[in-house]
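Have the sequence and the structure at hand as you read.

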Amino acid sequence: MIAAERLPAGSIATPVAVAHGDGIGPEIMEATLAVLAAAGARLDLRPIEIGERVYRAGVSSGIDEPALATLAQTRVLLKAPITTPQGGGYKSLNVTIRKMFGLYANVRPCRALAPYVHTLHPAMDVVIVRENEEDVYGGIEHRQTADVTQCLKLITRTGTERIIRYAFEYARANGRKRVTCFSKDNIMKITDGLFHAIFEEVATEYPEIACEHLIVDIGAAKLAVNPERFDVIVLPNLYGDILSDVAAELAGSVGMAGSANIGDGLAMFEAIHGSAPDIAGTGIANPSGLLNAAVMMLAHIGQSEVAQRVQNAWLRTIEDGFHTRDIYGTQSARCLSTAEFADAIIERLGSSPRHLRAPALASAVDTAHIANATAKPAAHKERIGVDVFIDFTDGNASDLAQRLLAATRECGLDLAMITNRGTQVWPRASEMTRCVDHWRCRFTGAAPVSGTTVVKLLASIESAGLEAIKTEGLYTFDGKPGFSLGQGQ
Ligand code: ATP
């Protein structure tokens, strides 16, 4: 990030790449930039073109090299929504930027603005901090048999430490009192278990901030019914993807919320809504989502006082009942166009809301502290066996076991168990277990089991006419198993 100390008041303008996007993008960007300029934001704007025109020009990622070079220079991007053309193998622009620049944290404040914007939860004020790079979003998927497909869920210590620390640093910088972690570690004891364990570990470094952990299902239920009880919520990627939309909807402000994507190399700020082609060009779009993203950007680049001015004026405009059509209702005074709404905010720069709380945007999140976090020393790792996954349709578990036992007698590894869809089906089985063509066969031996032993095992399996579709090593780390047991084992 661009450190605040490099921005002496009133002098240096921070370079910011600006993408006007598609659909309503150009209209809401123009309105947002007008407000920022009037508020005295010190920005050196560098326009880039991304999105539909770039896709149609044959760039499958929607962003070309010159634009990427600008991002590498500015390291900050204010982005309006874009349209991804249907079909034609176009890749998600957001995923490309996220991966290229290591944007590990997605931050989405979801705040009710009752009674000015309708919501069932007037006191709701939740910030969702979603891990952005890992989990099932690596896109590592395989079809392994006629029947079975698989998606790899990756949770790393490094990635988890970063997102959990970011959540606590965010809470500290923004005067938040509690961080709640959601995971499903009662089922995914190793992956979600790591996420939860690191949460508990990192929480001890922030004694002034309360911490709690909830299983994601009950956490989601509590969020839906009583979002007021939450402050900051940190989650792995998939749960965060789903629940950040739920939270925005609950706050009643899907069209008004902004979000930040934070990484060491770049920070990207955008509205959470899409390019709304249905209303593009009509001048009625609400620029609040992008404006709120810009407020987060100003805080991020160390211009918190400008961020505060913009936020206060925006809240006052909403309070005064000056609304765009999407939020216009009985509580509104006037229905404004996009440009008129921006003008109304500009007129109120310097004033504060009378009723709505204006959260302090005092300081930027200390991302340097996150980047410098020390990794845990490596554990002693030892292979004690291997799981071999076999595509088998010529019989039941016991038939497969007999063929494996006969084929692998000389391999130095013992067949310990077979599972089907995770449930043990050999040596013990329930008659009720319905089996598919995808069998996990666990072989164990005297540690350390060498790679050569595993290769010999695989060759024996192949010679018996069986098809091994993949293997997973069974490792211990400082003597503790790094793999799950079969259900029923
Ligand atoms: P995407 O898949 O790109 O996120 P989407 O299909 O979810 O897009 P949006 O583009 O977010 O849809 O629009 C959903 C609805 O909300 C549309 O009817 C649109 O007109 C409306 N909408 C979205 N953003 C705004 C806005 N800023 N102001 C007013 N209406 C909006």
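In which loop does Arg75 lie? Arg75 sits in the loop between helix 3 (65-74) and strand 3. Before going further, a word on the ground rules: this is a predicted model, in which local features need pLDDT of at least 70 and side-chain atom pairs count only at pLDDT 80 or more, while totals for chains, interfaces and linings use all residues. Residues are numbered from 1 along each chain as its sequence is written, and side-chain values use heavy atoms, with hydrogens and water left out. Helices (H or I, at least four residues) and strands (E, at least two) are DSSP runs numbered from the N terminus.

**Backbone spots**

Back to Arg75: its phi is near 60°, a positive value in a residue other than glycine. Arg75 is partly exposed, with a relative accessible area of 38%; here buried means under 20% relative accessible area, exposed over 50% and partly exposed in between, with a 1.4 Å probe and protein chains only. Asp478 also has a positive phi, of about 50°, although it is not a glycine. You will find Asp478 in the loop between strand 19 (467-477) and strand 20 (480-481), where it is exposed, with a relative accessible area of 52%.

Two strands are said to pair if DSSP finds at least two bridges between them.

Strand 16 (residues 414-420) has five of its seven residues buried, so it is largely enclosed by the rest of the structure. Six bridges join strand 16 to strand 18 (residues 438-444), and the two run antiparallel. Within this pairing, Ile418 stands opposite Cys441 in strand 18. Strand 16 is also joined to strand 17 (residues 423-426), by three antiparallel bridges, and Thr419 has Gln424 in strand 17 as its bridge partner. The hairpin of strand 16 and strand 17 has two residues between the strands, and there Arg421 takes a positive phi near 50°.

At strand 20, the pairing with strand 19 is antiparallel and spans two bridges. Phe477 has Lys480 in strand 20 as its bridge partner.

**A covered parallel strand**

Which residues cover the two faces of strand 10 (residues 232-235)? Val232 and Val234 lie on one side and Ile233 and Leu235 on the other, and all are buried. Strand 10 pairs in the parallel sense with strand 5 over four bridges, and with strand 8 (residues 178-183), again in the parallel sense, over three bridges. Ile233 of strand 10 stands opposite Ile128 and also opposite Thr180.

**Rings and surface**

Rings of Phe, Tyr and Trp (its six-membered ring) pair if their centres lie within 6.5 Å; planes under 30 degrees apart count as stacked, over 60 as edge-to-face and the rest as tilted. By this rule there are seven aromatic pairs. In one of them, Tyr55 and Tyr90 have ring centres 5.2 Å apart and planes at 65°, so the pair is edge-to-face. Tyr55 belongs to helix 2 (residues 52-56) and Tyr90 to the loop between strand 3 (76-79) and helix 4 (93-100), so the pair ties together parts that are 35 residues apart in sequence. Tyr55 is buried, with a relative accessible area of 1%, whereas Tyr90 is partly exposed at 27%.

Elsewhere, ring pairs link Tyr104, Tyr166 and Tyr170 into a cluster. Arg162 lies over the face of Tyr104, at 4.3 Å from the ring centre; a charge sits over a ring if NZ of Lys or CZ of Arg is within 6 Å of the ring centre and within 35 degrees of the ring normal. Lys381 lies over the face of Tyr475, at 4.4 Å from the ring centre.
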